[in-house]
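This briefing is meant for a reader meeting the structure for the first time.

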Amino acid sequence: MPAVEMKPDIYWVGVNDRTTDLFEGLWPVADTGVSYNTYLINDEKKVIIDLVKAIKTDAFFDQIHAVMPLSEIDYVIINHMEPDHTGVLKTLHKIAPDITLVGTEKMKQMLAHYYGITDPVRVVRDGETLTLGRKTLQFFEAPFIHWPETMVTWEQTQKVLFPCDAFGSYGALRGTIFDDECLEPEFYIREALRYYVNIVARFSQPVLKAIEKLSGLDIQMIAPSHGLIWRKDPARIIDYYRNWAELAQGGGDKGITLLYGSMYGNTEAVMDAIAQGLACSGITIEIFDVARIHTSYILPALWIHKGVMVGAPTYEGRLFPPMAQALDMAVLKKIQNKKAAYFGSYGWSGGALRQVKSMMEPMQWDFRNIFEFQGGIEGDVLKKAEAFGREFSSDVQSE
Ligand SMILES: Cc1cc2nc3c(=O)[nH]c(=O)nc-3n(C[C@H](O)[C@H](O)[C@H](O)COP(=O)(O)O)c2cc1C
Ligand SMILES: [Fe+2]
Ligand SMILES: [Fe+2]
């Protein structure tokens, strides 16, 4: 995509990545793609804000060159050191070694560790400004969105915020970079939530702190380094972020995430009966087979719904491994204070329940409803399962 002028002398350039299958080597983006957005300011001083992953490097440098020759660039602002925004830095530094790299003190340390670059580097403090001519940049530290060195950049005259990972989403750009020209903004909101819970959720307190810190700015445009630029109503994506970050304390809507895994169908049959019980009350249920659906898609449901139903059998004295993996990711992402239930089949001495209990403990899930059964779906197991589902949905709703 050629450069797009977003505001006078401020340009979007970037890489639309439709070939990486796993973002961070972990999160599936083969269906959605992902973009690494970079911004250029063509003033008396010439600036690049954030870079891109080391793919399509030639095309990326050509994009920049069409706006301003690489040899004329004065500064590269490094809001965040993660290689999805700095991958081409070493190459750029070799081509244009006089460009000054701008960032936090922590960024300077990491720059040496990741790329062996120590000079020319300009360290900026929280709130410091950099005059470019007609335009002025201001930098605000925003540690842990998403790494410790992170800051955001604010362009004072056009009132554009460049927050790097914050307010970003998965999803390659589909012909436009702006939310108001996009025919499917809901796709990007959904992908922003998946991105938030996959990447940022563990740092929800820093997110709330940053939102508070930036609350005095009259933001007209939010230009993140992944996904759409928010200019129609920038407050909307900030509100989404605030709501998502507040869910780190727990709670959520009255929906239920029903996670299940099954080897021979016993736990699965019970899951269907439980789902019938849950559905009686008309609440939202999202069902995931943990062995087949990637955790990336499960985490958003866990994040936004208050209820969690975990169904999996015993496997070699322990919890069915794909379920253990899903719960372990929930622990890592600090999905806390949910209302939880467990069901599952075991053959002889069990073991799954013990592990579920110990995994839920650090997340402080309120875990009282248990329906364990031995072997197959004999007798009145399915009837009991349906009643178990009905009871849990009314527990979730009554809170
Ligand atoms: C590979 C494998 C390992 C198992 N390990 C145990 C075990 O250690 N303890 C136990 O009580 N049951 C164990 N079981 C029995 C299952 O928990 C039981 O068959 C259960 O009904 C399976 O539920 P499902 O049909 O939902 O897969 C094991 C079953 C399999 C296939
Ligand atoms: Fe990041
Ligand atoms: Fe990123």
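The domain bounds used here come from an automatic or database domain assignment. For the protein chain of this predicted model, that assignment gives domain 1, covering residues 4-248, and domain 2, covering residues 256-398.

**The two domains**
- The centres of domain 1 and domain 2, taken over C-alpha atoms, lie 39 Å apart, and 10 residues of domain 1 are in contact with 10 residues of domain 2.
- On the side of domain 1 that touches domain 2, the elements giving two or more residues are β4 (27-28) and α5, and α5 provides the largest share, with four residues.
- Sorted by class, that side of domain 1 has seven nonpolar residues, one polar residue and two charged residues.

**Helices α5 and α9**
- Helix α5 (residues 185-200) and helix α9 (residues 295-304) have axes that come within 8 Å of each other and cross at roughly 95°.
- Angles of 65 to 115 degrees count as roughly perpendicular, and α5 and α9 are therefore described as roughly perpendicular to each other.
- From α5 the contact is made by L193, R194, V197 and N198, while α9 brings S296, Y297, L299, P300 and W303.
- Taken by class, the residues of this contact of α5 with α9 divide into six nonpolar, two polar and one charged.

**Helix α8**
- Helix α8 (residues 266-279) has 14 residues, which at 1.5 Å a residue should span 20 Å, and this agrees with its end C-alpha atoms, which are 20 Å apart.
- Its buried residues are N266, T267, V270, M271, A273, I274, G277 and L278.
- The elements that cover these buried residues of α8 include the strands β15 (253-260), β16 (285-289), β17 (305-311) and β20 (339-346), together with helix α12 (381-398).

**Residue H226**
- H226 lies in the loop between β14 (221-222) and α7 (234-246).
- A residue is buried if 20 or more other C-beta atoms lie within 10 Å of its own, and H226 counts as buried because it has 28 C-beta neighbours inside 10 Å.
- Apart from neighbours within four places in sequence, H226 is in contact with V34, S35, Y36, N37, D165, G168, S169, Y170 and Y195.
- H226 and G14 are 212 residues apart along the chain, and their C-alpha atoms are separated by 9.5 Å.

Terms used. Residues are numbered from 1 along each chain as its sequence is written. Chains are lettered from A and ligands numbered from 1 in the order in which they are written. This is a predicted model: local features need pLDDT of at least 70, side-chain atom pairs count only at pLDDT 80 or more; totals for chains, interfaces and linings use all residues. Axes are lines fitted to C-alpha atoms, for helices over the stretch in contact, and angles run from 0 to 180 degrees between N-to-C directions. Angles under 35 degrees count as roughly parallel, over 145 as roughly antiparallel, 65 to 115 as roughly perpendicular and the rest as oblique. Two residues are in contact if their C-beta atoms, placed from the backbone, lie within 7 Å. Ala, Val, Leu, Ile, Met, Phe, Trp, Tyr, Cys and Pro count as nonpolar, Asp, Glu, Lys and Arg as charged, and the others, Gly among them, as polar. The expected span of a helix is 1.5 Å times one less than its number of residues. A residue is buried if 20 or more other C-beta atoms lie within 10 Å of its own, exposed if 12 or fewer, and partly exposed in between; C-beta atoms are placed from the backbone.
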